[in-house]
Amino acid sequence: MSADDVRSQVQALMPGVIADLEELIAIPSISFPGYDQEPVLAMAERTLEKFRDAGFADARFMDVPSGYPPIYGEIAGPEGAPVVVLYAHYDVQPAIESQGWTSDPWTPTRKADGRIYGRGASDDKSGLVTHLGMMRAFDGRPPVTLRLILEGMEETESNLEAFVEAHPELFRCDLFVICDMGNIRVGDPVMTTALRGDVSCIVKVSTLEHPLHSGVFGGAAPDATMALARLLTTLQDDAGDVAVEGVTAGPWEGADLSEDDFRAMADMLPGVGLVGTGTVADRLWAKPSINAIGLDTTSIADSSNVIHPTASAKISMRIVPGSDPKKELAALVAHLESHAPWGARVEVTPMKAAPPYRVRTDGPGYAAAREAMAEAFGRPCDEAGSGGSIPLLQTLEDAAPGAEFVLWGPEDTAQARIHASDESVDPEEIERMIVAQVLLLTRLAQG
């Protein structure tokens with residue numbers, strides 16, 4: 001089929017693809033501990049049914065020691081055809097009302113801008129239906145050997161890495177297609193070529209044996225919350241760059257963002273400045289970033305006139321491709337332990353050391369994907385990074401040495417608001433991504 005034929009065929013399939021997406025958005029498949037398990041299991045069952053109907057007749061749940069099961073399936077292609085593994089996930093983030101949703105997160109809602117709103121609309125139920133649409137375009141008979149892996153724990157403590165390590169033979173392939181990404185802007189194609197890693201720890205600052213009256217002792221006795229605040233400020237310099245000695249940083253070569261574009265994407269308040277130095281792309285994809293993502297101290301509601309004896313924070317530092325997560329975490333811990341103000345006692349508990357990832361861009365699979373993107377979107381394809389982390393990629397590479405990776409999807413950075421309130425997806429972006437995947441597999445089959 002020509003590219004125009006593919007577009008026409010996919011366009012005809014879109015009503016069914018969107019109906020699938022809306023059905024899946026309505027299932028609150030939150031994989032986090034403490035949430036109802038039944039919707040996640042229902043989501044898994046419905047996803048399995050849809051992929052069996054689309055051509056993966058042998059798709060099935062795989063046994064895992066704990067957590068929600070991954071779905072695996074395989075379709076044999078012509079003899080000697082390339083082997084491609086498709087990835088997406090069926091679980092979603094929580095949708096807390098206080099985040100500021102303007103429509104019910106579990107009711108798919110088409111708004112005036114044409115986008116479909118709801119939790120998981122982009123991340124990553126749009127990835128699921130992109131794969132479904134591609135399968136239907138081939139009438140369930142793709143021109144390559146396809147293997148399918150759909151994860152049920154991506155948004156929390158993943159159980160897929162251990163599964164891959166235990167069953168590497170299921171993941172040996174020529175190309176992984178990870179449909180859990182997106183372009184920076186709708187209609188403007190990019191290939192994601194770099195992901196930052198994530199190291200984190202909990203730092204506890206202690207200054208007193210017990211609380212003290214803030215009037216009687218204040219002015220001489222150190223407040224642990226204030227000590228923690230001073231410690232946190234040492235993690236960045238005055239410009240906002242990470243000030244932890246020994247962490248890796250570098251420049252970004254590829255697509256960039258203007259400061260005005262970034263401000264609009266981030267919905268920054270008027271007058272608030274960006275942090276860091278270098279281009280916006282440098283700051284997002286080639287330099288580390290650091291944030292206090294959680295604080296434990298007395299709440300305002302429970303506050304009284306006392307000096308706090310302890311305070312804690314969870315620190316997350318995103319690290320750049322090419323860096324060693326264990327070394328980066330060790331540098332962060334060493335910084336926190338050596339910058340305590342007033343001799344405060346500091347205890348640091350390491351939590352995570354997830355590796356970054358850089359996509360190899362010199363192989364035939366990547367070249368075919370880039371050409372497919374350009375053809376599907378009708379304009380040249382650029383390269384971009386992502387500040388998000390997918391530790392699974394390194395595990396997949398270890399299981400299939402030499403395999404290439406394609407990271408893409410319908411989750412545009414500018415408007416999708418994944419993990420936040422009013423998450424949404426542009427249906428036309430899903431359509432273009434289905435076309436791109438059909439063209440990719442066709443190109444691979446043609447050699």
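D139 sits in the loop between α3 and β6. This is a predicted model. Most residues other than glycine have a negative phi, and most peptide bonds are trans. D139 has a positive phi of about 55 degrees, although it is not a glycine. Is D139 buried or exposed? D139 counts as exposed because its relative accessibility is 53%, and the cut-off for exposed is over 50%.

D267 also has a positive phi, of about 50 degrees, and is not a glycine. Its place is the loop between α7 (259-266) and α8 (280-286).

The peptide bond from D123 to D124 is cis, with omega near 0 degrees. D124 is found in the loop between β5 (116-117) and α3.

Two packed helices are described by the angle between their axes and the distance between the axes. Take helix α1 (residues 3-25) and helix α12 (residues 427-446). They pack at an angle of about 130 degrees, and their axes are 9 Å apart. That angle makes α1 oblique to α12. The crossing of α1 and α12 is right-handed.

Which residues of α1 and α12 meet? From α1 come A3, V6, R7, V10, Q11, M14, V17, I18 and L21. From α12 come P427, I430, E431, I434, V435, V438 and L439. By class, this contact has 13 nonpolar, 1 polar and 2 charged residues.

G133 lies in helix α3 (residues 125-137). Its relative accessible area is 0%, so G133 is buried. Leaving out residues up to four places away in sequence, G133 touches L13, V17 and I434. V17 of α1 and I434 of α12 are also listed in the contact between those two helices. G133 and G16 are 117 residues apart along the chain, yet their C-alpha atoms are separated by 8.5 Å.

## Strand pairs

Now for the strands. Strand β2 (residues 71-75) is mostly covered, with 4 of its 5 residues buried. β2 pairs with strand β1 (residues 60-61) and with strand β6 (residues 145-151). I71 in β2 stands opposite F61, and its bridge partner in β6 is L150.

| Pair | Sense | Bridges |
|---|---|---|
| β1 and β2 | antiparallel | 2 bridges |
| β2 and β6 | antiparallel | 5 bridges |
| β11 and β13 | antiparallel | 7 bridges |

## An open sheet

β11 and β13 belong to an open sheet of 4 strands. Its order is β11-β13-β9-β14, and the pairing is antiparallel.

In strand β13 (residues 310-319), S312 is the bridge partner of D296. In a regular strand the side chains alternate between the two faces of the sheet.

Two helices lie across the sheet strands. Helix α6 (residues 224-233) lies across β9 (197-206), β11, β13 and β14. It runs at about 15 degrees to β13. Helix α9 (residues 325-338) lies across β9, β11, β13 and β14 too. Helix α9 runs at about 165 degrees to β14.

Methods. Residues numbered from 1 in each chain as written. Predicted model: local features only at pLDDT ≥ 70, side-chain atom pairs only at ≥ 80, totals over all residues. Heavy atoms only, no water. Axes fitted to C-alpha atoms, helices over the stretch in contact; angles between N-to-C directions. Parallel < 35°, antiparallel > 145°, perpendicular 65-115°, else oblique. Left-handed = near helix turned anticlockwise from the far one by under 90°. Contact = heavy atoms within 4.5 Å. Nonpolar A, V, L, I, M, F, W, Y, C, P; charged D, E, K, R; others polar. Buried < 20%, exposed > 50% of the residue type's maximum accessible area, 1.4 Å probe, protein only. Pairing = 2+ DSSP bridges.
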